[in-house]
Each structure stands twice: as C-alpha cells, then as structure tokens.
Amino acid sequence: MKNDTLVSFEGVVKRFGEFVAVQRMDFEIGKGEFLAIMGSSGCGKTTTLRMLAGLEAPSEGVIRLSGKPINDLPTWSRDTPMVWQSLALFPFLNVIENVEFALKMRGVGKAERRRKAEQWLDRMQITEFASRNISQLSGGQRQRVALARSLVVEPEILLLDEPLSALDAALKVRMQSVLKNLQRETGITFVYVTHSQSEAFSMADRVVIMSRGKIEQIGTPKEIYRTPRTRFVAGFLGSSNMFTGKVSGSDGGVVTLDTPAGALRLSAAGMPQPVAAGQTATLTVLDTKTDLAVTPPSGRVNTLPVRMIGEEFIGATATIYLETADGQEIRIQKSHEDLANLPLQIGQELVAHWSYEDGHLVMEE
Amino acid sequence: MSDKDTASINRNRAVDVALLAYIVLSYAFVFAPIAASFVFSFNSDRFPSIPLGQFSLEWYRAVASDPLVWQGLRNTLFVGVIVGVVATALGFGAAYTDFRYRFFGKQVYLALALLPPTIPVVILGLAMLAYLSRINLSGNALSVIIAHVVICAPFAMAIIRLRLSQMDPDLEAAAWNLGASEWAAMRHVIIPFAKPAIFGALFITMAVSFDEFAIAWFVSGLNETLPVKVLGFLQGQVSPRINAIGTFVFVTSMTLVILAQILLTGRGAKARPGADEQE
C-alpha cells in the first residue's frame, strides 16, 4: 500500500437481505484528497459512505483507515465525522453547544472545548450566532454549523452526504466554494456523496461514478468527461452524442464502426485495448466537439446528414438539436459566434461532423 | 384578529354565535357537576340546596382535622409519585424500543404494550386482586403501585412515543458519529429531546393514579387511597366534606394535567422567532 493512502476498500460487498446494495468494491482514497462519489439514487453511494462512517457493516471485504482494518470499530471510536443530508443538528442545543458536542463526548474540558468551538465558529463566520437556537438560523448558516460541528475534532477525513441538496441554487454555488476552500486550507480528506454532476465536477479532485452498486469509473473530472469508460457513464454525464454499432475493421490506426446512422471512424491512438472486428461498441463524441456545416468538409472527419429540430439558448452558448437520417436525436453546443454563419431554421438540412481524433470508443461490457 | 381578511370571506355571524354557544354548552354540561360540588364545598348548609347559605370553610376544616383523610392523602401521594416515576420509566423504555428497533412481531409488541387501559377496570381490578393475593402482595401500598403502573405505563409510552416519532432519526446516529457511545447518545440526545414528553408523561400518570378508584378499591386493603376513602365516607353519610375533598382532588389533577399540557404543546419552551430575516 502506498504511504499517501488514507482509506482503502478491499472487496467490499454490502447486502440487505437479498438486495445487493454494493457489489465488490475496490478503491483507495488518498490523503488530502477531495473525492466525490456520484450516481443516481439507489446506486449505493450513500451506503458506501455509511460503511466508511461505521453506520453499516460490510457483508464482505475489508475497509482500512490509515492501514488498519476498521470493520469492527464502532462508529463512535472511528473519527469519521459526517455532514448529514438532513444536517441532523441537535435542536435542543444552541449553535456553540452543537459545535462543542463531539469534544464533550471525547472528554475535553469545558474551557478548552469552548475555545476550540469559538475558533471554528469564527472560521465558518458564524460567531455572532453562537447562542442562537438552530431553528433561528437560515439554511446556509445551518450548513456552516454542521461543518463546524464535524470539523471541531480536527479529523483526518470528513464525510459529506449530499449536504447542499436543501439549498437554493445561488447558495449552493457559494457553499461549493466555501467547501472547496475549506478542504484546501485544512488538507482534510473530503468524501462527498452527491447526485449532482456540477457539484462533483466543480469541487472534486477525483470522481467515483456508481451505478447499481458498482463502480463504473474513477478518475479526475477531466478524464471522465473526455473519456467516459462505459456507455453508462457517457449517458449519465449526458454531454456526449453516442452511436452504438459493431466494429467492422481496423486499418492504419483508424477503427471503423458500423452504426444505424452509417459507418463512423475514429483514431485508434490512445485506445486502452486493441479492438477486434465484430465487437459491439459505442462511439461517443462530446457535443462541444461536434460541428455543424452546410456542405460536408473533407479530411479525417465523420460526416452525418442531419435535420434541425430545435434550439435552446443558455447564456453564451446555444444548443442545437438535430435528427439523423435513422431518427436518432443528437445535439451540438457552440458559442453564438460559431453558429452565426449557419442557416438555423427548424427543418433545415445540415451536416454534422467531427474529426477522427475527437471520437472515443466505449466497449460493451 | 390578524386573519380577519381571509376569514371574513365565508363567515356568517349567526353561525359564529351558534358555534360559540355550542362550545359553551358542551363545557357547561361537562363541568356543571364539578362546579356544583365546588360551590357547595364553600356552603355552610348541611345539605346541598338552593338558596345557598353563608360562605364557609367549615367543611375544609372538618376534612383537614380528620386523620383518616390525611392518611388517605398520604397513601395517594406516595403511590402517585412512585407510580409516575416507574410508569414513565417503563413507558420510555417501550417507546424507545419502538423508535430504535425493527423486529419480527413488532405490531404484536405494540398492541400488547398499549392494551391495559382498554380492559374494563373492574375486571382488571379483580384479576389484580386474585393474582396479587396469590403471590402475597395484596392489601398494601405496593399492590396499588403495581396495579397502577400496569394501567399508567401505556399512557406514558403513548406520550413519549409521539415525541420520539417527531425526532429526525439521523440525530442519534449523528451523536454516535460524533463520538457518543450508545449510553452517551441516550443521555445527551434522546433524553434531552424527549424531555418535555417525559415530564408530561410523569404528570399525566401521576394524575391517573391519583384519581383511580376501582382498582385501588380491589387491591388497597387497609392502605386506602383518597378516592377509596371517599367511598367510605359516602357509605356512612352524605356530608359536604365530600365536596371539599372532591374539589381538592379535582384541583390537584387539573394542575398535573395542565402542567403536562403546557410541556407537551411546547408553550413552556422558549419563543422561537423565524429565521427569515437573517442572511
């Protein structure tokens, strides 16, 4: 094991009766890392976090913290504080008493725990609310109390279970930068469970994408965005056009895929494994890398006759919805300048195109 | 009224008056006998009749100077306090079990735990007498305590269970997660959260025990509680002293019930203005 590994999951399985919530999971979390675990509801992300916190026991496998197995360690002896989706602040205690709670449970003296709690209130900029009731605070203030309450013990790792889901959009964005800065300044490992791609990708160093109790991909946001490893990941991110078909040949570093939309080609450079003819695979291409033209360009590009079916303007970019000859919907995202010279009308016949290098192949499992 | 504007849309004065009269009459129907007893307890006449005689405290004096009454009161208070504490402790345990655990047969467990008050008291009293005398516990204060705990614990459980059901189930786990052992979480989270209901249950169970007659009559033997003593007085002679005792018992019970009500509706808690003005 590497020195900078804080947590490792080794063959961890979690079953609830017949239902398998988490299937054989092997991954590591580095010291000081901001790791996001992302997936739709019921994918096992919260169960994974709860196993790490000691609130669920793994059915199989070992979880290690700093090299030591912690399977049998009760949650109260673990030092893995968690920020709850419901925040779970104690309503019968005021703000500073909430923050002091963990220190009190560890037998820290009264003066010392007050001093530490005040430091964290100050750090989270909620000093003025110290003696308020929890019910007197706004959503953002409660969030800060929950963070201070967990961080006051200065843990090595902080677990966060969709902590921002109850906030409105503007506050969410503000809290994201609060969290990111906090993580950078303290160097504490953050494990952040969310279903929101924007939260995961904007804050995390690495993202784990889960589906049906299985890890689909682990990587930096950039890696996952550019080279989704499975069809599920590409579809889940929703930022790529996808064409599924059969590999019909590989020649001179170019792979050809037969799809209902036509034969599509892509560069074989950078592919993790060689592909054989007859394999089912999906070509993905980012909607921002897909271009639009009136006449088909030449060179190492795929061209696809399409018909425009809709458009959507969001700030600086526009999304154009198109339909291929075989009825599949695709789309492109471009700045308004890029689209200025195109005849954009519903029903207009156009050509979608992208270079061989921008295509990416995902093999069927 | 602040809600005048919205309420005035479909309000009719006649309906308002009728509803108010209905409430007044309902309460009058319920409280008239108690009020009569209250009034006659201060009346100097030997028999309850109208017109009233003079205002007098002589029946209270008579009651206060009767050692049998004091003995009954002592028994009642002694039994009531112990029953309150024991029934509340048992009720809390039962309610917490329901809150914390999922297990096979839980519905049966709950039904059995809530059953005793639905059994007719005469039957329960007879059964208690038969059972307690078999194990040589009949005829003393302890037997009344045991019998009263049986009927009071379900009330305590129901009250505390309601409060625990309002608790965010993550709170206890959050306490564990912050380093509290199960006992520490119980002491620092569950009990503080349930505190108003625990005291509410304490007062309600005391009031139930304080008033309970039928079972106490069966099992109390020589250690009669006040309600049982009252029956003794009635059998001997009809005396306005009964009114004095009745008024005292009523005021005591009402005080306990009102205290419980204040705790349970949270009116005793600190005022909590909204959070809208901040941030």
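A residue is buried if 20 or more other C-beta atoms lie within 10 Å of its own, exposed if 12 or fewer, and partly exposed in between, with C-beta atoms placed from the backbone. The model is predicted: local features need pLDDT of at least 70 and side-chain atom pairs count only at pLDDT 80 or more, while totals for chains, interfaces and linings use all residues. Residues are numbered from 1 along each chain as its sequence is written, and chains are lettered from A and ligands numbered from 1 in the order in which they are written.

View 1. Most residues other than glycine have a negative phi. Glu154(A) is not a glycine, yet its phi is near 45°. Glu154(A) sits in the loop between α4 and β7 (157–161) of chain A and is exposed, with 11 other C-beta atoms within 10 Å. Leu87(A), also not a glycine, has a positive phi of about 70°. Its place is the loop between β6 and α2 of chain A, and Leu87(A) is buried, with 21 other C-beta atoms within 10 Å. Helices (H or I, at least four residues) and strands (E, at least two) are DSSP runs, numbered from the N terminus.

**View 2. The open sheet of chain A.** Six strands are arranged in the order β6-β7-β8-β3-β9-β10, with mixed pairing; two strands pair if DSSP finds at least two bridges between them. β6 (82–83) and β10 (214–219) of chain A are at the edges with a single partner strand each, so one side of each has no neighbour in the sheet. Strands β3 (residues 34–38) and β8 (residues 189–194) of chain A run parallel and are joined by five bridges. Phe34(A) stands opposite Phe190(A) in β8(A).

**View 3. Nonpolar cores and the surroundings of Tyr192(A).** A nonpolar core is a set of buried Ala, Val, Leu, Ile, Met, Phe, Trp, Tyr and Cys residues joined through C-beta atoms within 7 Å. The largest has 145 residues, and those with the most contacts inside it are Leu35(A), Val191(A), Tyr192(A), Ala156(B) and Ile160(B). Helix α9 (residues 182–211) of chain B gives the largest share of this core, 15 residues. Two residues are in contact if their C-beta atoms, placed from the backbone, lie within 7 Å. Leaving aside neighbours within four places in sequence, Tyr192(A) is in contact with Phe34(A), Leu35(A), Ala36(A), Leu160(A), Met203(A) and Ala204(A).

**View 4. The side of chain A that touches chain B.** Contacts link 22 residues of chain A with 20 residues of chain B. On the chain A side, α2 (95–105) and α4 (139–151) each supply at least two residues.
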